[in-house]
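Okay, everyone, thanks for coming. I've got a few side-chain details to walk through, so let me put the sequence and the structure up on the screen.

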Amino acid sequence: MKPLRILMALIFAAASLPVFAQSFTVSIPRDRSAKPLDGRLLLVLSSDPSAEPRMQIDDTPQTQMIFGVNVDGLAPGASATIDAGAFGYPVRSLKDVPAGEYTVQAVLNLYETFHRSDGSTVKLHMDRGEGQHWNLTPGNLYSKPQKITIKPGGTPIALSLTEEIPPIPEAKDTKYIRHIKIQSALLTKFWGRPMFLSAIVLVPEGFDEHPNARFPEMVFEDHFADEFGDLRTTPPDSNLKPDYSERFHIAGYNRIQQEEAYKTYQQWISARYPRFLVIKIQHANPYYDDSYAVNSANLGPYGDAIESELMPALEKQFHGIGQGWARFLYGGSTGGWESLAVQVFYPTHYNGAFVACPDPVDFHAFTNIDLYNDKNAFYIEGAHKRVLQPSMRDYLGHTTSTTRDNNAYELALGDHGRSGEQFDIWQAVYSPEGSDGYPLQIFNKETGEIDHKVAAYWHDHYDLDAILARDWETLGPQLRGKIHLYVGSDDTYFLNDAVYRMEDFLKSTTNPPYEGEVAYGSRAEHCWNGDPALPNYLSRLHYNTMYLPKILDRIAKTAPAGADLTSWRY
């Protein structure tokens, strides 16, 4: 029995020893850079051979694994190490990765040093025309996918960043799709380097033939878009291979999108269709794929830059009427919040906002979190248990992601709010600046503990429901009939909860009454936009036409005496 006892003791001793994680060394070839580089070094491990690992990281259950570390001044020819200390998602550390066969790839998401006018020096990833996607940014370096075997105590695996993502060609104008780009003096001053604003503009049929016409403007708030996919001037591609939409549970959704875009074009050029401009603003920045179209301590004066620099330049070039009665806003999700925020912060600049499935408009319902009264963003706290907060649900109510997981995902991509993802941009837009120059955390991204002092700042500056309630005496007369809210009762991100709260305020206030509308799509997911007759997968393709009857009615009722109501009705 003694040998058996010795064997068992050795087994238990071995089990108590630390596990040595597989580690990686990542180097920059000397011919890839003439100077040391800063950035977030990302290591991706994939068990799915269907695509490059860098294309397989997201917040869904299908995500592969990613681990990140900062590099500061990594010289060409030198290497950095990624080991068990790197922050990982959805597996926290390399030491927890099961042994097996994987495809590995490394990406260096480059940072630029900004010397801002507020005195802060920060290192951030600058968008390069791709919409703040670390795996697609021109100039980012990456390694070729490589098959490896991971095993405890394995020797370090060497990777080399031999590849570089190429530049994105400048978009070309067409008959209907035009572009404008300006350098913003306000943003250039704030960021301490040239900063630009641009827009994609859908011009009406006959635009070039009617130089004296002046057009109403519809600002379509959205995430970064590099094209105008809502209009197609040719019939659908008969050779298009049908895909399957996981979001809408529909086969051939790519075909449906082409069909609807072509129908929009046919409507757009029809003889009696009203002529107007559709504007998609491009305002990607060092934190995200758009700025939320408001002024911010961390992003700078994007709201004022758009309103006082971009819009006047755009209206001059594309013959916009350029007056508040002839400008409107619409959009969904981030674009929904932006539409409402711009209408609230610049109440006389626009004549109505059609707001679909907006990001949280009341921070008592910040998705599932009450930022003012909850102690923790990740858990529902009970007497003797903690329940993880869901952040996403499918159409049957199943949880597909939690708030804790979403923030682990972001923390792997970048610290100091530099992930380029959703919770980090909310924080960057809404928070005051911290002593290190980066946004103050609304909650600890590892523990979920909420900072209620930061939440109080959010309340006073960006809680749209609180701002309306506080300032209704002055805002109310300027917003009568302008607020239109739409959301599904089963929104994927629980965004309906905040709309319920705003509806309670709007419908209870009578001095003056808001005279707008709030509507809910029964059992509708993200991002229901107000059409009771069509399913969401179709109505979301009709943003540029579905609100038009209400807009035209609003123009007829509110246009001042002598307003141009005819030059654009050719």
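Let's start with this: which side chain does H283 join in a polar contact? It's S291, and the polar contact between the two side chains is 2.7 Å. Keep in mind that what you're looking at is a predicted model.

So where does H283 sit? You'll find H283 in the loop between strand 18, which is 277–282, and strand 19, which is 295–296. Is H283 buried or exposed? Its relative accessible area is 1%, and under 20% counts as buried, so H283 is buried. If we skip the neighbours within four places in sequence, the residues in contact with H283 include D289, D290, S291, Y292 and A293. There are others on that list too, among them L197, E221, Y302, I306 and E338.

Okay, on to the rings. How many aromatic pairs does the structure hold? The count is 38. Let me show you two of them.

One is W268 with Y273, a tilted pair with 6.0 Å centre to centre and 55° between the planes. W268 and Y273 are both buried.

The other is F366 with W458. Here the ring centres are 5.5 Å apart and the planes sit at 75°, and since over 60 degrees counts as edge-to-face, that's what we call this pair. What I like here is that the pair links distant parts of the chain, 92 residues apart. F366 is in the loop between strand 22 (353–356) and strand 23 (379–381), while W458 is in helix 8, residues 452–462. F366 has a relative accessible area of 1%, so it's buried, and W458, at 0%, counts as buried as well.

While we're on rings, have a look at two arginines. R116 lies over the face of W191, at 5.5 Å from the ring centre. R386 does this with Y379, lying over the ring face at 3.9 Å from the centre.

Note on methods:
Residues numbered from 1 in each chain as written. Predicted model: local features only at pLDDT ≥ 70, side-chain atom pairs only at ≥ 80, totals over all residues. Heavy atoms only, no water. Phe/Tyr/Trp six-rings, centres within 6.5 Å; stacked < 30°, edge-to-face > 60°. Buried < 20%, exposed > 50% of the residue type's maximum accessible area, 1.4 Å probe, protein only. Helix = DSSP H or I, 4+ residues; strand = E, 2+ residues; numbered from the N terminus. Lys NZ or Arg CZ within 6 Å of the ring centre and 35° of its normal. Polar contact = N/O pair within 3.5 Å; in protein donor to acceptor, adjacent residues only side chain to side chain. Contact = heavy atoms within 4.5 Å.
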